[in-house]
Amino acid sequence: MEWTYDSAATKILSAPRFKVVPSVENMNQYLEWLNHPEREFHIIHVAGTNGKGSTCAFLESILRQEGYRTGLFTSPHLVSVRERMQINCEPVDKETFLQCFFQIEEAQEKSGYPPLTFFEYILVMALLIFQKKKVEYAVIEAGMGGRSDATNALFPVLSIITAVGMDHMQYLGNTIEKIAEEKAGIMKAGVPCIAVDHKKEVTRIFQSEAVKKGSPLYLLPEDSFKILKNTGKVIDFSVKNRYYRNNTLSVSSKGLYQVENGAVAATAARILFPEISDKIIEVGLAHAFWPGRMEEIGEGIVADGAHNLPSIEALMKTVRQDGKEKEGRILVFAVAADKDYDKMARELVSQDDFRLVILTRIPYERMEDPAKVKPVFCRYTKVPVETEASMEKAYEYALSMQRPGEMIYLAGSLYFIGELKKYLKGDED
């Protein structure tokens, strides 16, 4: 058949989601076959439960401000699969995407290796794209894990582990210690690793793994940053830890949780480049943008891809400081069936922060039926909880119910936010 960008993207998106052989082993085989494209640029590897994508975006922006040509690999995408592989903060062009698709298809056909899973495929594609576009630094976000993640086949100049919490327990383990062990698996001999120091039991695992691997460990405690001013659109903050100090940093976001991610990225930049100027870090952070995370998509309408308990807790910390108690708030929520939405619901509504909850779903096989989610929400609140069968109807209904000055928050799944942005944009790519 004659391949086009659309048909290539469709084939990639239909690739199997589960491993035939361990991802690291399979990745090593394909990278060897393709003459190791990843060795032609420097890699920064970022793992963690929450905040890793935002941290990647902040660090990429700082690197670009410093004058480097950058690659950025993140997941999931919101509207176009090309968002996952960016050059200087722009999704890769369709022509280059298609050229690299042909390379991978040929490798799969001729090598005889097990077929690539979806995540392996897009990772290999990103590495080929970064090689072809001659990036100097590539910021690579890990998938759900770390030790067994396809990205762990790469050898970085710096590793970063953002906040660790309970998510993907069916794959990573049902305790915080087991999940931390998976994340800590990205550490490599001689490669410095920056890790967020939130929980003693997690930190002990980081320290043990760092000693075992011979990886210099830089721990960032929770008190290493402080919010100075919050306008609702820009948050000014300071960073003060053993490795970096700066009192004039800011992020363009409503999300209070982005301050920690910005602090991690700023510290990472200073550790990676000891001579980098404060001004470069300041401008890089201020100019960074990460869609779908406390993103204002309309007047009084905020979309946040919070999809597990830690990210819901972070969302609600911001919601409760938006000053809208008198005007009121509406929540539109869609969640995947494999998430612990009982705990998420309790955090969202047990304090009656919303006057109306609208539950919905998108046409994606993992999403839960809102009729099953409703009794869970009703267990924790007396405010009205309604269901809408489609995302479009739920969104339009929320708009029709919005009072002057009132906020609408949309959350529960990044896939939900992606479909919403696609609907509002009216264009799938």
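This report describes aromatic pairs, charges over rings and cysteines in a predicted model.

The model is predicted, so local features need pLDDT of at least 70 and side-chain atom pairs count only at pLDDT 80 or more, while totals for chains, interfaces and linings use all residues. Residues are numbered from 1 along each chain as its sequence is written, and side-chain values use heavy atoms, with hydrogens and water left out.

The structure holds 16 aromatic pairs; rings of Phe, Tyr and Trp (its six-membered ring) pair if their centres lie within 6.5 Å, and planes under 30 degrees apart count as stacked, over 60 as edge-to-face and the rest as tilted. Two of these pairs are listed below.

| Pair | Centre to centre | Angle between planes | Type |
|---|---|---|---|
| Tyr5 and Phe97 | 5.0 Å | 70 degrees | edge-to-face |
| Tyr364 and Tyr415 | 4.9 Å | 35 degrees | tilted |

Tyr5 and Phe97 are both buried, where buried means under 20% relative accessible area, exposed over 50% and partly exposed in between (1.4 Å probe, protein chains only). In the other pair, Tyr364 is buried at 18% relative accessibility, whereas Tyr415 is partly exposed at 31%. Ring pairs also link Trp3, Phe101, Phe102 and Tyr121 into a cluster.

Arg82 lies over the face of Tyr5, at 5.6 Å from the ring centre, and the charged end of Arg17 sits over the ring of Phe118, 4.0 Å from its centre.

The structure holds 0 disulfides, a disulfide being a pair of cysteine sulfur atoms within 2.5 Å. For Cys56, the nearest cysteine sulfur, that of Cys89, is 12 Å away.

Terms used
A charge sits over a ring if NZ of Lys or CZ of Arg is within 6 Å of the ring centre and within 35 degrees of the ring normal.
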